[in-house]
Amino acid sequence: MDLGPQIKSVPLSLGRPTRQLLQTGALIGFWWLIQSLVNALHLPLPGSMVGLVLLWVMLDRGVLPLHWLEHGADGLLKHLMLFFVPAMLALVDHPEMLSLLGVKLFVTVLACTLIVMAGTACVVELGFRLCHGSVR
């Protein structure tokens, strides 16, 4: 039974905060589902990474329309800095992080951040080239 046209014709009368909350809940639910699946299958990968790839594939293939998750993802990105507050509080509680150990951790985090940024830039560039058909 194909419900595609019926779902598309339903007016979206929810307010933006309600829609954002529901979409954020859907993203968290999707993460929880994939994490449970990864744990059940004993996969050696983090559930968040598997979920990210699955979500990207579903969005790219049009299985999941972007507007179903767009406001929730925007809300999470707007409040991303709040997720780092516990890390800052841990730094205040552990003064040993301001010694050589802290320097080592800082260098490691900085190097990893640069690697992730470079990897992300390469993937975005490759995706852009694939979309525009200019892959060499």
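This is a predicted model: local features need pLDDT of at least 70, side-chain atom pairs count only at pLDDT 80 or more; totals for chains, interfaces and linings use all residues.
Q: Which element gives the largest share of the lining of the largest pocket?
A: Helices (H or I, at least four residues) and strands (E, at least two) are DSSP runs, numbered from the N terminus. The elements that give two or more residues to the lining of the largest pocket are H2, helix H3 (47-60) and H4. The largest share, eight residues, comes from H3.

Q: What volume does the largest pocket have?
A: Grid points are joined across faces, edges and corners, and a volume is the space filled by probe spheres set on the points. By class, the lining of the largest pocket has 14 nonpolar, three polar and two charged residues, where Ala, Val, Leu, Ile, Met, Phe, Trp, Tyr, Cys and Pro count as nonpolar, Asp, Glu, Lys and Arg as charged, and the others, Gly among them, as polar. The volume of the largest pocket is about 660 Å³.

Q: Which element gives the largest share of the lining of the second largest pocket?
A: The second largest pocket has a volume of about 460 Å³ and is lined by 14 residues, of which Trp56, Asp60, Val123, Val124 and Gly127 lie nearest its centre. The elements that give two or more residues to this lining are H3 and helix H6 (100-132), and by class the lining has 10 nonpolar, two polar and two charged residues. The largest share, seven residues, comes from H6.

Q: Against which helix do the buried residues of H4 pack?
A: In helix H4, which covers residues 70-78, His71, Gly72 and Gly75 are buried, where buried means under 20% relative accessible area, exposed over 50% and partly exposed in between (1.4 Å probe, protein chains only). These residues cover an arc of only 100 degrees around the axis, so they are on the same side of H4; the arc is that of the directions from the helix axis to the C-beta atoms. The buried residues of H4 pack against helix H2 (16-41).

Q: With which residues is Thr24 in contact, leaving aside its neighbours within four places in sequence?
A: Thr24 lies in helix H2 and, at 15% relative accessibility, counts as buried. Contact means heavy atoms within 4.5 Å. Leaving aside neighbours within four places in sequence, Thr24 is in contact with Gly72 and Leu76.

Q: How far apart are the C-alpha atoms of Asp74 and Thr24?
A: Asp74 lies in helix H4 and is partly exposed, with a relative accessible area of 31%. Asp74 and Thr24 are 50 residues apart along the chain, and their C-alpha atoms are separated by 9.1 Å.

Q: With which residues is Arg16 in contact, leaving aside its neighbours within four places in sequence?
A: Arg16 is placed in helix H2 and is partly exposed, with a relative accessible area of 37%. The C-alpha atoms of Arg16 and Gly72, 56 residues apart along the chain, are separated by 9.7 Å. Leaving aside neighbours within four places in sequence, Arg16 is in contact with His71 and Lys78.

Q: What is the phi of His42?
A: His42 is found in the loop between H2 and H3 and, at 70% relative accessibility, counts as exposed. Although His42 is not a glycine, its phi is positive, at about 55 degrees.

Q: What pattern does the chain follow, read along the sequence?
A: Of the 136 residues of the chain, 12% count as buried. The secondary structure comes to six helices and zero strands. Read along the sequence, the pattern is α-α-α-α-α-α.

How values were computed:
Residues are numbered from 1 along each chain as its sequence is written. Side-chain values use heavy atoms; hydrogens and water are left out. On a 1 Å grid over the protein atoms alone, a cavity is a set of points where a 1.4 Å probe fits but cannot get out, and a pocket is an open set with protein on both sides within 12 Å along at least five of seven lines; lining residues have an atom within 4 Å of a point.
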